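Subject: Structure handover

Hello,

I am passing on the structure you will be working with. Please open it alongside this message.

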Amino acid sequence: MKTIKILFFAGIVALFAACNSNNNKVGNDNQTDTLSVAVSDTTMVADSSDQANGNVIETNARQPVVMIYNFHVTNRCASCIAIEEGTTKTINTYFAKELKEGRIKRQIINVDDEINGKISEKYQAFGSGLFVTRVIKGKETTTDLTGDGFKFARNKEARFIEILKKQIDEYLK
């Protein structure tokens with residue numbers, strides 16, 4: 001009985017931590033889960049979940065590609081949903097053209113799904129997370145906006161959208 005109580009408590013703590021993660025990882029140059037193959041002026045970019053699904057993004061190596069990763073668990077809280085909705089609103093309002101051109105690629109990733117294990121581990125996303133990654137010439141730079149998402153997406157959506165838009169604009173340069 002004592003073991004069951006300990007496991008239950010550990011599960012509650014893990015769930016709480018997942019919805020309140022706040023890592024500020026900037027400048028991630030780790031290439032272990034990203035496949036980049038240069039072909040003249042073209043780069044093929046595929047992350048681990050793309051590889052599993054057979055999707056590859058082809059871009060001009062001279063222009064950056066912005067990857068937006070929305071991580072979540074199966075059972076989502078209101079803040080997690082608000083982050084995803086605010087991200088969708090930002091992309092559709094300000095970056096529809098870049099999305100269509102393939103300069104922005106977005107993935108909504110369930111960390112509980114086994115197929116997403118490698119990419120979740122790469123970003124250390126074991127719960128909710130919002131990561132914006134710039135890929136240019138095979139080099140990645142990542143900004144973790146999870147904390148800002150939890151801070152603003154639910155109650156100050158305009159502020160959240162402003163922060164996300166600014167980061168995407170910066171990475172598209």
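Below are the conventions, then the overall layout, the helices, the cores, the ring contacts and a few loop residues.

This is a predicted model, in which local features need pLDDT of at least 70 and side-chain atom pairs count only at pLDDT 80 or more, while totals for chains, interfaces and linings use all residues. Residues are numbered from 1 along each chain as its sequence is written, and side-chain values use heavy atoms, with hydrogens and water left out.

Overall layout

The protein has seven helices and seven strands. Both are DSSP runs numbered from the N terminus: helices are H or I with at least four residues, and strands are E with at least two. Along the sequence the order is α-β-β-α-β-β-α-α-β-α-β-β-α-α. Of the 173 residues, 45% are buried. Buried means under 20% relative accessible area, exposed means over 50%, and partly exposed lies in between, with a 1.4 Å probe and protein chains only. Among contacts with a separation of 6 or more, 66% are between residues 24 or more positions apart; a contact means heavy atoms within 4.5 Å.

Helix α7 covers residues 157-172, which is 16 residues, and spans 22 Å from its first C-alpha to its last, close to the 22 Å expected at 1.5 Å a residue. The expected span is 1.5 Å times one less than the number of residues. Its buried residues are F160, I161, I163, L164, Q167, I168, Y171 and L172. Seen down the axis of α7, these fall within an arc of 165°, so they line one face of the helix. The arc is taken from the directions from the helix axis to the C-beta atoms. On the other side of α7, A158 and K166 are exposed.

One of the buried residues in α7 is Q167, with a relative accessible area of 11%. Leaving out residues up to four places away in sequence, Q167 touches V132, T143 and L145.

Helix α3 has 17 residues and reaches 24 Å between its first and last C-alpha, close to the expected 24 Å. S79, C80, A82, I83, E84, G86, T87, T90 and I91 are its buried residues. The elements covering them include β4, α4 (96-101), β5 (104-110), β6, α6 and α7.

Cores

The largest nonpolar core has 21 residues, and F160 and I168 have the most contacts inside it. A nonpolar core is a set of buried Ala, Val, Leu, Ile, Met, Phe, Trp, Tyr and Cys residues joined through side-chain atoms within 4.5 Å. Two or more residues come from each of β4, α3 (78-94), β6, α6 (146-152) and α7. The most come from α7, which gives seven. I168 touches V66, I68, F95, I104 and V132, again not counting residues up to four places away in sequence. A second, separate core of 12 residues includes M67, Y69, V111 and Y123.

Ring contacts

There are six aromatic pairs in the structure. Rings of Phe, Tyr and Trp (its six-membered ring) pair if their centres lie within 6.5 Å; planes under 30 degrees apart count as stacked, over 60 as edge-to-face and the rest as tilted. One of the pairs is F71 with F131, which is edge-to-face at 5.7 Å centre to centre and 80° between the planes. This pair links distant parts of the chain, with F71 in strand β4 (residues 65-72) and F131 in strand β6 (residues 129-136), 60 residues apart. Both F71 and F131 are buried. Ring pairs also join Y69, F71, Y123 and F131 into a cluster.

Two charged side chains sit over rings. The charged end of K165 is over Y94, 5.1 Å from the ring centre, and R159 lies over the face of F152 at 5.5 Å. The rule here is NZ of Lys or CZ of Arg within 6 Å of the ring centre and within 35 degrees of the ring normal.

Loop residues

Most residues other than glycine have a negative phi. K137 has a positive phi of about 55°, in the loop between β6 and β7 (139-144). K137 is exposed, with a relative accessible area of 66%. Q124 also has a positive phi, near 50°, and lies in the loop between α5 (117-122) and β6. Q124 is partly exposed, at 47% relative accessible area.

R62 is in the loop between β3 (57-60) and β4 and is exposed, at 57%. The C-alpha atoms of R62 and K137 are 6.9 Å apart, although the two residues are separated by 75 residues along the chain.

Regards
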